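The sequence and the structure come first, and the description follows.

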Amino acid sequence: MVLSWKRQCTFSVRWSVPGAQEIDVPQLLCSRCLETRDSIPMKPPGKYGLLIQQQVCNECWSQWMATMPRIINHYQLNLGMPEDRAQLQNAMLEFLNLPG
């Protein structure tokens, strides 16, 4: 990992994987924590994937990924049912402070 400082105390992070090209992880103002942090390197699948990648930091996305199984278990959601998937999606949008 190589950190390079730029003007005004902002920086970009470059991750290096053996045998792969280095990628820049852009910074963004997160809709949940309201801090400028690294974005998600890859777009999550689904209808809101691009919105999540553009507005949610990697740390908050990781927190959601850890919270999601607890919500599924607490509400006994069956993701094979469309109404249960919609309930989980609404919980995700609320957790990440995104417009629905």
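## Contacts of W61 and its surroundings

Leaving aside neighbours within four places in sequence, W61 is in contact with I40, P44, I52, V56, M92 and L96. The model in which these contacts are found is a predicted one. W61 belongs to helix α2, and W61 counts as buried because its relative accessibility, 16%, falls under the 20% limit. Between W61 and F95 the separation in sequence is 34 residues, while their C-alpha atoms are 9.7 Å apart in space.

## Overall arrangement

The secondary structure of the protein comprises 3 helices and 5 strands, and from the N terminus on the elements follow the order β-β-β-β-β-α-α-α. Of the 100 residues of the protein, 27% count as buried. When contacts between residues at least 6 apart in sequence are considered, 38% of them join residues at least 24 apart.

## The ring pair and the charge over it

How many aromatic pairs does the structure hold? The structure holds 1 aromatic pair. W64 and F95 form this pair, with 5.4 Å from centre to centre and 50° between the planes, an arrangement that is classed as tilted. The pair links distant parts of the chain, since W64 lies in helix α2 (residues 58–74) and F95 in helix α3 (residues 82–95), 31 residues apart. Why does W64 count as buried? The reason is that the relative accessibility of W64 is 1%, which is under the 20% cut-off. The ring of F95 also has a charged group over it: the charged end of R32 sits there, 4.0 Å from the ring centre.

## The loop between α2 and α3

L77 lies in the loop between α2 and α3, and L77 is buried, because its relative accessible area of 10% is under 20%. Not counting residues up to four places away in sequence, L77 touches I71, I72, D84, Q87 and L88.

| Residue | Relative accessible area | Class |
|---|---|---|
| W64 | 1% | buried |
| L77 | 10% | buried |
| W61 | 16% | buried |
| L34 | 61% | exposed |

## The largest pocket

About 310 Å³ of space lies in the largest pocket. Its lining is made up of 16 residues, and those that lie nearest the centre of the pocket are P45, G46, L88, Q89 and M92. L88, which is named here as a lining residue, is also one of the residues touched by L77, and M92, likewise named in the lining, is among the contacts of W61. The helices α1 (49–55), α2 and α3 each supply at least two residues of the lining. By residue type, the lining divides into 11 nonpolar, 3 polar and 2 charged residues.

## Backbone angles

L34, in the loop between β4 (27–29) and β5 (36–38), has a phi near 60°, a positive value in a residue other than glycine. L34 is exposed, because its relative accessible area, 61%, is over 50%. N97, whose place is in the segment after α3, likewise has a phi near 60°, which is positive although the residue is not glycine.

Notes: Residues are numbered from 1 along each chain as its sequence is written. This is a predicted model: local features need pLDDT of at least 70, side-chain atom pairs count only at pLDDT 80 or more; totals for chains, interfaces and linings use all residues. Side-chain values use heavy atoms; hydrogens and water are left out. Rings of Phe, Tyr and Trp (its six-membered ring) pair if their centres lie within 6.5 Å; planes under 30 degrees apart count as stacked, over 60 as edge-to-face and the rest as tilted. Helices (H or I, at least four residues) and strands (E, at least two) are DSSP runs, numbered from the N terminus. Buried means under 20% relative accessible area, exposed over 50%, partly exposed in between (1.4 Å probe, protein chains only). A charge sits over a ring if NZ of Lys or CZ of Arg is within 6 Å of the ring centre and within 35 degrees of the ring normal. On a 1 Å grid over the protein atoms alone, a cavity is a set of points where a 1.4 Å probe fits but cannot get out, and a pocket is an open set with protein on both sides within 12 Å along at least five of seven lines; lining residues have an atom within 4 Å of a point. Grid points are joined across faces, edges and corners, and a volume is the space filled by probe spheres set on the points. Ala, Val, Leu, Ile, Met, Phe, Trp, Tyr, Cys and Pro count as nonpolar, Asp, Glu, Lys and Arg as charged, and the others, Gly among them, as polar. Contact means heavy atoms within 4.5 Å.
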